[in-house]
Amino acid sequence: PSQPIVNPGYEAHSLATVDLPSDNRLRRCPGMIGPGDNDGKYYCAGKPNGYCDRRSGTCFCSAGYVGSSCSSCAERHHPVGGQCLPKKTCPQSCSNNGEC
């Protein structure tokens, strides 16, 4: 049976309770890459996108990213140079690309 444990998360995320199988094997996350340069951490789709909790096989997305592998931009964000950046509010008109 599985036992609940606390997922300590990442700097930008709060604590979450995760039920894990009792075998304690490390899991792959969707779109997982890593370990990262000099930090030994695993990420989902890319370092800015989110981190991989290898105990549960779950990606925890950074602000602006969504999806099982954190590879899509969240609402009110758009892709710029491989990152999801917040859209700007322009006082006059906008290019629809976040540029005023």
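Modeller: Two strands pair if DSSP finds at least two bridges between them. Keep that rule in hand for this predicted model.

Biologist: Which strands pair in the antiparallel sense over 4 bridges?

Modeller: Strand β5, residues 50-53, and strand β6, residues 58-61. Their 4 bridges meet the cut-off of at least two.

Biologist: What is the bridge partner of Y51 in β6?

Modeller: F60 is the partner of Y51.

Biologist: How many residues lie between β5 and β6 in the hairpin?

Modeller: The hairpin has 4 residues between its strands. Look at G57 in the turn: its phi is positive, about 75°.

Biologist: Now the whole chain. How many helices and strands does the chain have?

Modeller: The count is 0 helices and 10 strands. Read from the N terminus, the order is β-β-β-β-β-β-β-β-β-β.

Biologist: What share of the residues counts as buried?

Modeller: Buried means under 20% relative accessible area. Here 28% of the 100 residues qualify. The chain exposes about 6800 Å², and carbon and sulfur atoms supply 50% of that area.

Biologist: Which residues make up the largest nonpolar core?

Modeller: Such a core joins buried nonpolar residues through side-chain atoms within 4.5 Å. The largest one holds 8 residues: C29, M32, C44, C52, C59, Y65, C70 and C84.

Biologist: Take C84. What does C84 touch, leaving out residues up to four places away in sequence?

Modeller: C84 touches G64, Y65, S72, C73, H77 and H78. Y65 is also a member of that core.

Biologist: And what share of contacts with a separation of 6 or more comes from residues 24 or more positions apart?

Modeller: Those pairs account for 28% of such contacts in the chain.

Terms used: Residues numbered from 1 in each chain as written. Predicted model: local features only at pLDDT ≥ 70, side-chain atom pairs only at ≥ 80, totals over all residues. Heavy atoms only, no water. Buried < 20%, exposed > 50% of the residue type's maximum accessible area, 1.4 Å probe, protein only. Contact = heavy atoms within 4.5 Å. Areas by Shrake-Rupley, 256 points an atom, 1.4 Å probe, with all protein chains shown as cover.
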